[in-house]
Amino acid sequence: MSLIYVLEDDKSILEIEEYALTASSYEVRGFETAAEFGEALGQKLPDLIILDIMLPDADGNEILKDLRQHPKTADIPVIMVTAKSTELDKVRGFDLGADDYIAKPFGVLELISRVKARLRRQEIMKMAPVDDPVPAEKVTAQGKTAPAAEETPPAQDGGAFSDGRKHLAIGNIVLDDDKYEVTCKGEPLKLTYKEYSLLRLLMDRAGTAVTREEILSKVWDTDFAGESRTLDMHIRTLRKKLGEEGKRIRTLRNIGYTLDNS
């Protein structure tokens, strides 16, 4: 049974989330403050975290940022569920490492669907070899953890490109799957896991059409149509980070996207 932590200061919403998740056969622990959440996190790590942004004793974005900076918590799927629903809020959440972003008010069925998708993805990732665990960190009320002895990037899905290579260069974009690194015009790019996975898929299939359905299946491990907006925002932020090279990512109306390799 998967363990889910829910950090939500609105008691009524927390109760709805706890009830819906428990009814779907998940083990759930709810917290109304970052301090309570941090104490529990130091004792046992969950399989997934549902995180609010506006909390009485912390900024949810700072908690997310801190979770992603430390090896022990870097791979835990995080779904943001918050009233901050502008496009800028969502883009910031994804840039900080959120796996999904749900705006309030939300539908319970949608929440459960997205939780299931994230946990399926996590099970696939767990099949890959991982390093020895790092001692758990504790999150304080300010959303900070104690410094880790060594920080390493989160474990990613391995495997070569479809043609067997482990790195690929298109224009000024170079992706090295051994190092989990992307550079553009010689400068390293800081990409979130989803941005990296999205770019990797487009580069692997450069010059051909990649449908929305295929992208959602391979990058988000879901066929939920509501993810389509999430995909569009990731494309937008990826283009921005790539600068001029971002123009290589072309939208194919009613189909999906392609990366120009000319």
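Predicted model: local features only at pLDDT ≥ 70, side-chain atom pairs only at ≥ 80, totals over all residues.
# Cores, rings and a helix crossing

Visitor: Which residues have the most contacts inside the largest nonpolar core?
Guide: Leu199 and Ile215, in a core of 27 residues. A nonpolar core is a set of buried Ala, Val, Leu, Ile, Met, Phe, Trp, Tyr and Cys residues joined through side-chain atoms within 4.5 Å. Buried means under 20% relative accessible area, exposed over 50%, partly exposed in between, with a 1.4 Å probe and protein chains only.

Visitor: Which element gives the largest share of this core?
Guide: Helix H7 does, with 6 residues. Elements giving two or more residues include H7 (193–204), H8 (212–219) and strand S12 (256–259). Helices (H or I, at least four residues) and strands (E, at least two) are DSSP runs, numbered from the N terminus.

Visitor: What does a second, separate core include?
Guide: That core of 24 residues includes Leu7, Leu55, Ile76 and Met80.

Visitor: New topic. How many aromatic pairs are there?
Guide: The structure holds 5. Rings of Phe, Tyr and Trp (its six-membered ring) pair if their centres lie within 6.5 Å; planes under 30 degrees apart count as stacked, over 60 as edge-to-face and the rest as tilted. Tyr5 and Phe31 form an edge-to-face pair, 5.2 Å centre to centre with 80° between the planes.

Visitor: Where do Tyr5 and Phe31 sit?
Guide: Tyr5 is in strand S1 (residues 3–7) and Phe31 in strand S2 (residues 27–31), 26 residues apart. Both are buried.

Visitor: Why is the pair of Tyr5 and Phe37 edge-to-face?
Guide: Their ring centres are 6.2 Å apart and their planes at 80°, so the pair is edge-to-face. Ring pairs link Tyr5, Phe31 and Phe37 into a cluster.

Visitor: And which residues of H7 and H8 meet?
Guide: Lys194, Ser197, Leu198 and Leu201 in H7 meet Ile215, Lys218 and Val219 in H8.

Conventions:
Residues numbered from 1 in each chain as written. Heavy atoms only, no water. Contact = heavy atoms within 4.5 Å.
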